[in-house]
Amino acid sequence: MTVKRFKIFLASSVDKEEQWLTDMSRQGFHFKKYGLFTYTFDENPNESYVYQIDFREANEEYMQLCKDAGWQYVDSALKQFHYFRTEANESGVKKIYSDGESVKETFQRMMKFYLILFIIFLTSQIGLFLTWKGQLTQIIMTVIIMLVILLYLYVFISLKRKIDFY
């Protein structure tokens, strides 16, 4: 049976997303596809997986490296977030990266990616302010833009803390 769940995770919370996917697998629901905050699971109570997410541009060599390390590719989001899994009963390391420097580089790639998106977002809003007439719709849009800016700032601060930690 296929089950869908709607859940929102910020880019800076990949560890929480990994834990949630692993917990879902323990309950017999195994992640198979991601699409705009919607996770699709296959039900099978006889299996259990540990999930990891990596952020990078992937090529065949990278995918083969992960496969050789025991990680099965599941899906990707934005062609940057790659979901992997390994059987929960397998012994050994349960992380794609076991060294701090690799983890730090992952968070630095995320920071750069979201900074570029943030700059694009800000420049796309210039027209709103150049044509400002104080209309209700403009005020509502400004409030929404401010909320999005606050969300980006939260993600940047969270990512910066993780980078500094490693």
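Where do D164 and K160 lie, and how many residues apart are they? Both residues belong to helix α5 (residues 136–165), where they are four residues apart, about one turn of the helix. The legends below describe close-up views of a predicted model.

**Figure 1. A salt bridge joins D164 and K160 in helix α5.** The closest N and O atoms of D164 and K160 are 2.9 Å apart. D164 is exposed, with 52% relative accessibility, whereas K160 is partly exposed at 42%. The structure holds six salt bridges. Side chains of opposite charge can pair when their charged atoms come close.

Figure 2. D23 is partly exposed, with a relative accessible area of 28%, and R26 is exposed at 55%.

**Figure 3. D54 and R109 meet in a salt bridge.** The N to O distance is 3.9 Å. D54 lies in strand β4 and R109 in helix α3 (residues 100–124), so the pair ties together parts that are 55 residues apart in sequence. D54 is buried, with a relative accessible area of 1%, while R109 is partly exposed at 24%. A network of salt bridges links D54, R56 and R109.

**Figure 4. Q52 is found in strand β4 (residues 49–55).** Q52 counts as buried because its relative accessible area, 7%, is under 20%. Its side chain makes a polar contact with the side chain of E18 at 3.4 Å. The Q52 side chain also reaches the backbone nitrogen of I96 at 3.4 Å.

How values were computed:
Residues numbered from 1 in each chain as written. Predicted model: local features only at pLDDT ≥ 70, side-chain atom pairs only at ≥ 80, totals over all residues. Heavy atoms only, no water. Helix = DSSP H or I, 4+ residues; strand = E, 2+ residues; numbered from the N terminus. Buried < 20%, exposed > 50% of the residue type's maximum accessible area, 1.4 Å probe, protein only. Polar contact = N/O pair within 3.5 Å; in protein donor to acceptor, adjacent residues only side chain to side chain. Salt bridge = Lys/Arg side-chain N within 4 Å of Asp/Glu carboxyl O.
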